[in-house]
Amino acid sequence: MDRNPMILSLFRKNTATEPVYAVYSAIVAQSRQPRFYAEWGVPDTVTGRFDMISLHMALLFRRLRAESGEQKHFSQAVFDLFFKDMDRSLREMGVGDLGVPKRIQKMGNIFFGLLAAMNEAMDRNDAVALQDVLARNIFDGAPGPHVAALADYLLAEDRALAAQAAGSITGGALSFEVAA
């Protein structure tokens, strides 16, 4: 059983601050944009919504990955809040206490797999490879113009986030430039 230190951090004390909540709220709000579901065919399900939050979390992690110190701690705090929110959501949906940790572990593994595959494609600015990642992970293998649209959106957002100062983001000001 592979353990990820970020997932194990969920058992640490609460590290969320007002800027962490602000950034996470911006990610959730952007992830709920109707275009993703109505026009681009992302399944409007619990899994589809998790996927969209994961994609936007991955964009944040990509932006802050080269940073150190405060920014690394900030990324960890947003990650912790994300999975605490997933834990809360699972419990609200009626998943039993014994099932939640296993589901959270699985969700964490899915998230890190998606992040690694996205990073590989996006580091090369390879839209086709990113489309393959999205088709596999978000659309159950179905290619199409909706997959290309989501890939183009993510690449544009990645460029827009790269232009935002890390200090502004860790101060709670995360904005998505490309309207969805």
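**Helices, contacts and core**

Student: Which residues of H2 are buried?
Tutor: The model is a predicted one. A residue counts as buried when its relative accessible area is under 20%. In H2 that criterion selects Val20, Val23, Tyr24, Ala26, Ile27, Val28, Gln30 and Ser31.

Student: How far apart are the end C-alpha atoms of H2?
Tutor: H2 has 14 residues, and at 1.5 Å a residue these should span 20 Å. The model agrees with that expectation, because the end C-alpha atoms of H2 are 20 Å apart.

Student: How many helices and strands does the chain have, and what percentage of its residues count as buried?
Tutor: Along the sequence the pattern is α-α-α-α-α-α-α-α-α. This corresponds to 9 helices and 0 strands. Of the 180 residues of the chain, the share that counts as buried is 49%.

Student: Which residues touch the most other members of the largest nonpolar core?
Tutor: That core holds 55 residues. Helices that each supply at least two of its residues include H2, H4, H7 and H8. The residues touching the most other members are Leu150 and Leu154.

Student: At what angle do H7 and H8 cross, and how does their contact divide into nonpolar, polar and charged residues?
Tutor: The axes of H7 and H8 come within 9 Å and cross at roughly 115 degrees, and the crossing is right-handed. H7 contributes Ala127, Leu130, Gln131, Leu134 and Ala135, while H8 contributes Val147, Ala148, Leu150, Ala151, Leu154 and Leu155. The division of these residues is 10 nonpolar, 1 polar and no charged.

Student: At what angle do H4 and H8 cross, and how many residues of their contact are charged?
Tutor: The axes of H4 and H8 also come within 9 Å and cross at roughly 35 degrees, in a right-handed sense. Among the residues that meet are Arg62 and Arg63 in H4 and Glu157 and Asp158 in H8. The contact comprises 9 nonpolar residues and 1 polar residue, and the number of charged residues is 4.

Student: Is Ser54 buried or exposed, and which residues does it touch beyond four places in sequence?
Tutor: Ser54 is placed in helix H4. Its relative accessible area is 1%, so Ser54 is buried. Beyond four places in sequence, Ser54 touches Phe82, Phe111 and Leu114.

Student: How far apart are Ser54 and Met107 in space?
Tutor: In sequence, Ser54 and Met107 are separated by 53 residues. Their C-alpha to C-alpha separation in space is 9.7 Å.

Student: What phi does Asn125 have, and why does this residue count as exposed?
Tutor: Most residues other than glycine have a negative phi. Asn125, in the loop between H6 and H7, has a positive phi of about 55 degrees although it is not a glycine. The cut-off for exposed is over 50%. Asn125 therefore counts as exposed, with a relative accessibility of 51%.

Student: What are the phi and the relative accessibility of Asp140?
Tutor: Asp140 is found in the loop between H7 and H8. Although Asp140 is not a glycine, its phi is positive, about 50 degrees. Asp140 counts as exposed, its relative accessibility being 77%.

Key: Residues are numbered from 1 along each chain as its sequence is written. This is a predicted model: local features need pLDDT of at least 70, side-chain atom pairs count only at pLDDT 80 or more; totals for chains, interfaces and linings use all residues. Side-chain values use heavy atoms; hydrogens and water are left out. A nonpolar core is a set of buried Ala, Val, Leu, Ile, Met, Phe, Trp, Tyr and Cys residues joined through side-chain atoms within 4.5 Å. Buried means under 20% relative accessible area, exposed over 50%, partly exposed in between (1.4 Å probe, protein chains only). Helices (H or I, at least four residues) and strands (E, at least two) are DSSP runs, numbered from the N terminus. Axes are lines fitted to C-alpha atoms, for helices over the stretch in contact, and angles run from 0 to 180 degrees between N-to-C directions. A crossing is left-handed if the near helix is turned anticlockwise from the far one by less than a right angle, and right-handed if clockwise. Contact means heavy atoms within 4.5 Å. Ala, Val, Leu, Ile, Met, Phe, Trp, Tyr, Cys and Pro count as nonpolar, Asp, Glu, Lys and Arg as charged, and the others, Gly among them, as polar. The expected span of a helix is 1.5 Å times one less than its number of residues.
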